[in-house]
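Welcome! Let's take a friendly look at how two protein chains sit together and at the spaces found around them.

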Amino acid sequence: MIVTPQESAISTATKIETKNLEIFYGKFHAIKNANLAVGENSVMALIGPSGCGKSTFLRALNRMHDLTPGARVEGQVLLDGTNIYASGIDPVTVRHRIGMVFQRPNPFPKTIFENVVYGPKIHGLHNRKKLLEICERSLRGAALWDEVKDRLDRSALDLSGGQQQRLCIARCLAVDPEVILMDEPASALDPIATSKIEDLIDELKKLYTVVIVTHSMQQAARISDFTAFFLMGELIETAPTKSIFTTPRDKRTEDYITGRYG
Amino acid sequence: MATLEMSAGGVAKATSPSALQRKISQTLLRALTGVAALFSFAIIFIMLFFLLVYAYPAIRFNGWGFFTSPIWNIGNQYGSGVATRNGFSGAPGAEFGALVFIFGSVLSALLTMLVSVPLALMVGLALVYRIPRQLRPIANALVELMAGIPSVVYGLWGLVVLVPWISNALAPWVTSHLGFIPFLGGPTGSGTGLIASVFILSLMVIPIMVATTRDVILAQSNAIFEASMALGSTSWQAMTRAVLPSVRSGIVASIMLAFGRAIGETMAVLMVCGSAINAFPSNIFSPVNTIAAVIVSQLESALTDATGMAQRSLAELACTLFIITLLINVIARAMMRGADRREGRGHA
């Protein structure tokens with residue numbers, strides 16, 4: 001990867017990094033030799049046409065592929081320099097440090113409060129006062145507190161789709177992760193809910209490192225500091241978001257952003 | 001369409017046939033489905049109605065004693081005269097108390113649930129999340145096969161394999177090592193009895209619950225499981241704290257179905273329960289009897305009762321079982337609706 005002067009100027013310490021990452025579903029080679037570094041407190045957007053492997057790549061970053069029968073990951077994913085796929089590393093601990101928000105809001109069929117404190121509770125915290133504190137802090141962090149503070153004991157399924165997604169973000173914040181992975185978090189939401197999520201991401205990067213998959217180039221342009229372009233399982237190009245959309249280095253990136261692939 | 005019919009049939013039709021035909025077929029369909037829906041309700045009430053009518057003399061003859069007396073005695077069939085109560089007659093000395101059987105039915109069904117619910121949930125979860133993919137078809141086929149075995153086969157297996165094992169191995173060991181615990185010590189008998197019934201019933205209801213548990217989990221997307229895992233839970237926590245609660249209403253339904261099966265199961269229980277009459281179990285090895293089993297085991301002697309009261313009392317037993325099962329269903333539905341409301345789900 002060529003490092004432009006512009007890029008090195010704004011990049012910070014590397015938080016999470018992949019080295020020679022290969023992912024297979026059975027015999028299908030889904031990700032081929034991907035090398036990507038994400039700086040601390042930055043937003044990295046993963047873009048590319050459907051089926052290019054961007055979600056597959058994302059799920060390798062917190063070992064979610066461990067749960068997919070037939071999926072195999074080779075290479076390294078370094079979190080603060082430590083390979084999370086090394087033997088002796090507990091995937092549960094990894095996922096504690098690297099949170100994830102999914103494409104479709106997936107709150108538990110429990111109350112709003114129980115959703116937010118689910119993580120802290122399974123990690124052994126039962127002090128109700130502390131849980132309430134975490135709940136408020138996380139909901140504030142997800143810009144949802146003012147909308148739900150009077151009905152924490154109501155079912156999370158009563159919330160709108162956009163609220164549910166921010167609840168899922170709050171639930172993720174409650175376990176105090178360092179990195180947040182987002183898999184097209186706004187694709188199932190209406191424009192207003194989407195813009196709320198986008199504003200939120202801008203806030204989140206002050207405290208967290210964010211890697212987000214998006215199928216919308218406009219969204220990537222609005223919210224991310226860096227953008228990585230995937231095509232057919234290959235990581236084609238990584239660059240500061242400003243430059244990738246104005247002066248892409250690779251012909252295939254240019255073709256994609258000018259609308260020549262679906 | 002019209003041209004096609006003209007050329008084919010040679011009959012010219014000025015208007016489209018479909019408007020009238022649609023109306024007729026729709027009305028017909030509505031009527032048929034209405035009748036079918038009514039039929040399923042009607043059949044329950046017709047059955048209960050005729051059972052009650054047939055049992056009415058026994059209901060009057062037995063009074064509340066039916067539910068409070070542990071004594072079942074069809075009376076002296078060779079004596080002269082009859083005993084008359086509330087205008088209805090039975091054999092002299094006849095007394096029909098169902099308490100032992102009601103108690104036996106409820107107790108064996110409850111104990112069965114105690115044994116089988118945790119096991120079935122574990123196996124259901126294992127089928128979805130634990131068993132390697134290649135083995136799943138085999139495991140699933142086994143579960144379905146187990147659910148399909150006729151109850152008389154379970155009963156016979158219980159009688160020739162399980163009962164001797166209880167009598168020769170389990171009961172002596174339990175009474176000598178755990179006999180100090182209430183209901184685990186004391187006389188052990190022949191091996192037929194409460195514990196044998198519970199084991200056999202568990203074998204019969206576990207496959208039903210395993211299959212439904214598996215199906216309700218699979219019907220739900222993987223999203224809940226993944227959401228929990230992504231928060232750093234272990235897969236055990238994801239299963240027990242996120243997945244199972246989210247399919248609670250389906251699980252409750254399957255538990256109720258299984259309870260209904262356990263409390264109504266006849267043949268297998270009859271073969272291993274020890275057919276207790278006029279006595280309550282004193283420990284888990286004691287002979288018991290259930291409403292369903294006693295109807296069969298008492299039928300032959302009841303048919304010899306010239307007054308007919310013994311038969312009618314068996315019908316009263318049947319009504320009791322019917323109503324218990326109905327009540328369980330109603331309660332289960334109410335519980336499910338309550339749970340759905342609390343969780344904000346609409347109910348089907």
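The report below covers the meeting of the chains, then a cavity, then a pocket.

## Where the chains meet

Keep in mind from the start that this is a predicted model. On the chain B side, 23 residues are in contact with 28 residues of chain A. Putting the two chains together buries an area of about 2000 Å², and carbon and sulfur atoms give 63% of that area.

The top contributor is α8(B), with eight residues. Sorted by class, the residues on this side of chain B are ten nonpolar, seven polar and six charged.

## Links across the interface

How many salt bridges does the rule find between chain B and chain A? There is one. To see a salt bridge in the structure, find B:Glu226 and A:Arg59, whose side chains meet with 2.5 Å from N to O.

## A cavity lined by both chains

Searching the whole structure for cavities of 30 Å³ or more turns up one. The largest cavity holds about 30 Å³ of space.

Which residues line the largest cavity? From chain A come A:Met100, A:Phe102, A:Cys168, A:Arg171 and A:Cys172, while chain B supplies B:Ala227, B:Ala230 and B:Leu231. Two helices, α8 (161–173) of chain A and α8 of chain B, each supply at least two residues of this lining. The largest share belongs to α8(A), with three residues. By class, the lining has seven nonpolar residues, no polar ones and one charged.

## The largest pocket

Now turn to the largest pocket, which has a volume of about 440 Å³. Its lining is made of 22 residues, and the closest to the pocket's centre are A:Leu67, A:Pro69, B:Val128, B:Tyr129 and B:Arg136.

Several elements of chain B give two or more residues to this lining: α4 (99–129), α7 (194–219), α8 and α9. What gives the most to the lining of the largest pocket? That is α8(B), with three residues. The classes here are eleven nonpolar, six polar and five charged residues.

As you explore, keep an eye on α8(B): this helix gives the most to the side of chain B that touches chain A, and also the most to the lining of the largest pocket.

Technical notes
Residues numbered from 1 in each chain as written. Chains lettered and ligands numbered in written order. Predicted model: local features only at pLDDT ≥ 70, side-chain atom pairs only at ≥ 80, totals over all residues. Heavy atoms only, no water. Contact = heavy atoms within 4.5 Å. Buried area = accessible area lost by both parts, 1.4 Å probe. Salt bridge = Lys/Arg side-chain N within 4 Å of Asp/Glu carboxyl O. Helix = DSSP H or I, 4+ residues; strand = E, 2+ residues; numbered from the N terminus. Nonpolar A, V, L, I, M, F, W, Y, C, P; charged D, E, K, R; others polar. 1 Å grid on protein atoms, 1.4 Å probe; cavity = no way out; pocket = protein on both sides within 12 Å on 5 of 7 lines; lining within 4 Å. Points joined across faces, edges and corners; volume = space filled by probe spheres on them.
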